[in-house]
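Subject: Handing over the structure

Hello,

Here is the structure I promised to pass on to you. Please have it open while you read, and my notes on what was found in it follow just below.

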Amino acid sequence: MKFKDKVLDFVEKITEQKHINAIKKGMMAYVPFTIIGAIALLIAYFPYQGYIDFITNIFGFKDASVWQNAITSIMNGSMNLGAIISTLFISYHLCKEYKGEIDPMYGSVLSLCMYFLLTPWDVLNEKNVVMTNYFGTGSLIVGIIVALIVPELYRWLMGKNKIKIKLPPQVPSMVADSFSSLIPMTIISILFLIIKLVIGVTSYGNIHIFINTVIGQPLAALSGSVWGYILALFITGVLWMLGIHGSSIVMGGVLAPFLIMMSDQNRLAAQAGNALPNILTNEFQTFTGGIGLYICIACLIICKNKQTKPLCKMALVPAIFGIHEPLVFGLPIMYDLYFFIPYVVFPMIGAGLTYFVQSIGLVARLNGTGVPWTTPAGIYGFLATGGHISGFIWQLVLAALYIALCIPFVKAFDKSKLKEENVEL
């Protein structure tokens, strides 16, 4: 077997692995909720004082915070429930991976119940209360772990017929199913209670602090390190060159929980009027990327062969909105060595340069508002930095740089295509 085939087989196994698939699908399902919260945040804190004053006056409020707090409360039902939503979606998709062996609804709800069981509750004024900060993206790692472990335990226990309660055939299936789940659910609950009690007697106090300290910090340090991030970009680009959606596996899969947490830290800091703590966020790749669009533009400028320009004309509009699949599979970019350096290396250069200009304050940092990734370059930079013109200008600078860097490679690609056409003639 050729080396390329071995690599493809390995990557295919990784992409089809049930747990990675569940995380990827679950995190993708969470995206609409982040967009809803982001829209609410942008409406409430649009970076123009005249707009804020106009809304405040038109409703007759003395303080803008009255209507701003009302609008941003939408985030309490969307973005601020990141861990809860992700736990449900990831466990649901993992249960579905087993194709009828376990009920996805029971598996996902049971996962959510175990999440709440592990989460510390306090007593305030003789009432049980839970801190809502445990619902957000700060506890995303806990949610993912619970969402992966509970369905596996549930599936294993449901396969043990000796511990299931069996009712007569005359009993409706809905009732029978709920009773057959009773003992497995009880065993899982006891197990998670033991885990909670054991962690509770340690210096960590609860699983959220334990996981974020022991597991989260080293991984977050990798995603928060510019060199770790550039390495992740390299892997992403190589996967794309093999025809595999590298962005959803690496950035949207492995690193997504940590990048989303860093975005949320910036969002909370922006809301509080504090300095933004992170340069690398979940939006950083979109801010510095879009290389497919600039390869497309370079091809439209340079190429003289018969097949490239018509294809690029059709692919241009989707590429403007961040959809590069027509170019990856149609040009094609994948498996073409002429595009390896532009598609894999140039985004790494752009990320390094962006990190530098943001670290010295030349370009504003991204404020974590989760601007939709389909927003065109320039506009995306303006909105993602909270209305700073530097974000708009820097994306245009990157665009010009990418196009200029792509031109020599596109020329070589065009020359090879022209030779092919001449041979055919």
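Of the 425 residues in the chain, 44% count as buried; buried means under 20% relative accessible area, exposed means over 50%, and partly exposed is in between (1.4 Å probe, protein chains only). Before going further, please note that this is a predicted model, in which local features need pLDDT of at least 70 and side-chain atom pairs count only at pLDDT 80 or more, while totals for chains, interfaces and linings use all residues. Residues are numbered from 1 along each chain as its sequence is written, and side-chain values use heavy atoms, with hydrogens and water left out.

The overall picture

The chain holds 20 helices and 2 strands. These are DSSP runs numbered from the N terminus, with helices being H or I over at least four residues and strands being E over at least two. Among the contacts between residues at least 6 apart in sequence, 69% join residues at least 24 apart; contact here means heavy atoms within 4.5 Å.

Helix α5 and its partner

Helix α5 covers residues 82-97, and 12 of its 16 residues are buried, so it is mostly covered. Among the buried ones are Gly82, Ala83, Ile84, Ile85, His93, Leu94 and Glu97. What covers the buried residues of α5 includes α2, α6 and α7 (140-158). From its first C-alpha to its last, α5 reaches 22 Å, close to the 22 Å expected at 1.5 Å a residue; the expected span is 1.5 Å times one less than the number of residues. Just after α5, Lys99 takes a positive phi of about 45°.

How does α5 pack with α6 (residues 104-118)? The angle between them is about 145° and their axes are 8 Å apart. Axes are lines fitted to C-alpha atoms, for helices over the stretch in contact, and angles run from 0 to 180 degrees between N-to-C directions. α5 passes α6 in a right-handed crossing, where right-handed means that the near helix is turned clockwise from the far one by less than a right angle, and left-handed means anticlockwise. On the α5 side, the residues making the contact include Ala83, Ile84, Thr87, Leu88, Ser91 and Lys96. On the α6 side they include Pro104, Met105, Val109, Leu112, Tyr115 and Phe116. By class, this contact has 11 nonpolar, 5 polar and 1 charged residues. In that count, Ala, Val, Leu, Ile, Met, Phe, Trp, Tyr, Cys and Pro are nonpolar, Asp, Glu, Lys and Arg are charged, and the others, Gly among them, are polar.

Helix α2 has 27 residues (18-44), which should span 39 Å at 1.5 Å a residue; its end C-alpha atoms are 40 Å apart, which agrees. At the start of α2, a side-chain oxygen of Gln17 reaches to within 2.8 Å of the backbone nitrogen of His19.

Tyr45 is in the loop between α2 and α3 (49-58). Because its relative accessibility is 31%, Tyr45 counts as partly exposed. Leaving out residues up to four places away in sequence, Tyr45 touches Gln68, Asn69, Thr72 and Gln271. The C-alpha atoms of Tyr45 and Gln271 are 8.2 Å apart, although 226 residues separate the two along the chain.

Is Cys406 buried or exposed? Cys406 is buried, with a relative accessible area of 0%. Cys406 touches Ile291, Ile295, Ala298, Pro342 and Phe346, not counting residues up to four places away in sequence. A polar atom of the Ser416 side chain lies 2.6 Å from the backbone oxygen of Phe413.

A tryptophan in a loop

Lastly, Trp373 sits in the loop between α18 (340-359) and α19 (379-384). With a relative accessible area of 48%, Trp373 is partly exposed. Beyond its neighbours within four places in sequence, Trp373 is in contact with Thr286, Phe321, Gly322, Ile323 and Tyr380. Trp373 and Gly322 are 51 residues apart in sequence, and their C-alpha atoms are 6.8 Å apart.

Technical notes:
A polar contact is a pair of N or O atoms within 3.5 Å; within protein, one must be able to donate a hydrogen and the other to accept it, and residues adjacent in sequence count only if both atoms are side-chain atoms.
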